[in-house]
Amino acid sequence: MWCLVWWFVGVGLRSTLRRTPPTCTDPPGLRTCADPPGSTNHRPGMPGTPITQQDPTPQALCRSGAGRSQIAFRPRTRRRCPSVVLVSTENPHPRLSDVTAAFESVYPTAWAASWDAVGLACGDPEQTVGKILFAVDPVEAVVDEALLWGADLIITHHPLMLRGVHSVAADTPKGRIVHRLIRSGTALYTAHTNADTAAPGVSDALARAVGVSGPLRPLDPDPTDPEGRRGIGRIGVLEQPLVLHDFADQAARGLPATAGGVRVAGDPGRLVTTVAVSGGSGDSLLGAARAAGVDAYLTSDLRHHPASEFVEESGSPALLDTAHFASEWPWLTDGSARLADALAREAGSWAANVEMRVSTTVTDAWAQAFGRG
Ligand SMILES: [Zn+2]
């Protein structure tokens with residue numbers, strides 16, 4: 001796993017920004033880089049406290065408050081550490097507006113679908129930001145996690161208020177979140193379909209997590225991108241062909257464990273080489289997956305009738321259905337790394353002292369499963 005540590009030293013090295021070599025070999029989800037002081041890889045200022053289990057057990061879910069779980073990983077490959085730190089002693093923190101501008105330089109809001117609601121949902125653009133928590137869903141448990149850590153900003157993939165509201169009274173779940181965020185001075189920002197279509201975007205991270213490698217191309221290209229790199233979903237190949245059973249197992253190991261796991265439709269002995277993936281609800285792209293001629297299509301929220309009719313048709317790809325949360329969670333690490341890059345590119349002293357963390361709270365709506373065959 002790669003861990004990016006950015007140092008911006010205000011005293012003596014006021015304008016010097018340098019990237020330190022990767023040091024972290026912790027399981028994904030541990031924001032550790034806990035190399036002991038004095039060791040070759042130790043970096044001062046790097047957080048050293050894991051926020052979940054030190055030794056995650058495959059398939060295990062560690063219950064926490066509010067019915068939510070913490071992610072238990074089944075590590076298949078080493079991944080980059082999701083924790084990033086920028087350090088300056090002169091200008092402690094950037095403004096929120098500086099952070100959102102940097103983020104929008106890699107995920108422009110103009111790329112979002114017309115029906116979407118992305119950007120700053122809550123917060124004062126003039127407030128400063130020292131800690132940023134990345135999460136899939138803006139739900140109560142994530143706000144709990146953010147406030148416990150002392151986050152100044154939560155960046156989520158899903159919007160809190162996708163549709164218009166007439167009230168944010170605190171006697172509704174969303175209103176309660178708005179009140180808690182404002183009372184605590186915590187901002188909320190969303191990158192949704194603009195992060196889906198970006199290159200690299202949500203499905204690039206998903207592809208890598210399940211072992212699909214490139215060159216990756218969009219399953220549903222964005223016609224406004226002359227280079228043909230942006231779009232929804234990605235198509236790639238496995239490093240080596242696997243039977244469907246083994247690919248499903250590999251995919252499950254690369255994603256956060258959820259109660260529903262990975263469901264499969266198709267012959268488990270079928271050989272899989274080419275794969276299409278689409279983070280989030282992907283049944284609208286079933287036809288595109290068939291047209292692409294891939295061996296398997298991995299996405300989320302597939303419904304019974306479309307899936308059943310799809311696999312009945314000869315020549316159709318096999319289907320793999322994951323938890324919606326699980327298919328989008330891998331992007332959070334990418335998003336935090338790209339924000340760190342963007343802040344570093346700006347290289348102003350305001351880019352200093354920003355710590356980022358990826359939430360390990362499982363926010364999948366389906367928290368339990370019974371009677372599995
Ligand atoms: Zn989604």
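This is a predicted model: local features need pLDDT of at least 70, side-chain atom pairs count only at pLDDT 80 or more; totals for chains, interfaces and linings use all residues.
1. Strands S14 and S15 pair in the parallel sense over five bridges. The chain crosses from S14 through helix H8 (residues 304–312) to S15 in a right-handed β-α-β crossover. Here helices (H or I, at least four residues) and strands (E, at least two) are DSSP runs, numbered from the N terminus, and two strands pair if DSSP finds at least two bridges between them. A crossover counts as right-handed if, with the strands pointing away from the viewer, the path from the first strand over the helix to the second runs clockwise.

2. Residues are numbered from 1 along each chain as its sequence is written.

3. S12 and S15 run antiparallel and are joined by three bridges. Asp321 of S15 is the bridge partner of Arg263, and Asp321 is also the bridge partner of Thr299.

4. Five of the five residues of S15 are buried, so the strand is largely enclosed by the rest of the structure. A residue is called buried if 20 or more other C-beta atoms lie within 10 Å of its own, exposed if 12 or fewer, and partly exposed in between, with C-beta atoms placed from the backbone. Ala318, Leu320 and Thr322 point one way from S15, Leu319 and Asp321 the other way, and all are buried. In a regular strand the side chains alternate between the two faces of the sheet.

5. In helix H6 (residues 244–254), the buried residues are Leu244, Phe247, Ala248, Gln250, Ala251, Ala252 and Gly254. They pack against several elements, including helix H5 (202–209), strand S11 (231–243), strand S13 (271–281) and strand S15 (318–322). Contact between two residues means that their C-beta atoms, placed from the backbone, lie within 7 Å.

6. The largest nonpolar core has 89 residues, of which Leu153 and Ala296 touch the most other members. Helix H10 (residues 330–346) gives the most to this core, with six residues. The core draws at least three residues from each of domain 1 (5–193 + 328–362) and domain 2 (199–327). A nonpolar core is a set of buried Ala, Val, Leu, Ile, Met, Phe, Trp, Tyr and Cys residues joined through C-beta atoms within 7 Å; the domain bounds come from an automatic or database assignment. Not counting residues up to four places away in sequence, Ala296 touches Leu244, Phe247, Val272, Val275, Pro317, Ala318 and Leu320.

7. An unreviewed UniProt entry places the feature "binding site" at His157, His158, Asp196, His324 and Glu328. These residues are spread over 172 residues of sequence but cluster in space, with a largest C-alpha distance of 13.3 Å. The UniProt positions follow the numbering used here, feature names are shortened, and annotations may be inferred rather than shown by experiment.

8. Asp196 lies in helix H4 (residues 193–197) and is buried, with 27 other C-beta atoms within 10 Å. Glu328 lies in helix H9 (residues 324–328) and is buried, with 24 such atoms within 10 Å. Leaving out residues up to four places away in sequence, Asp196 touches Gly201, Val202, Ser203, Ile232 and Gly279, and Glu328 touches Val136, His157, Val202, Gly279 and Gly280.

9. Pro138 sits in the loop between strand S7 (131–135) and helix H2 (140–149). It is buried, with 26 other C-beta atoms within 10 Å. Its contacts beyond four places in sequence include His158 and Leu160.
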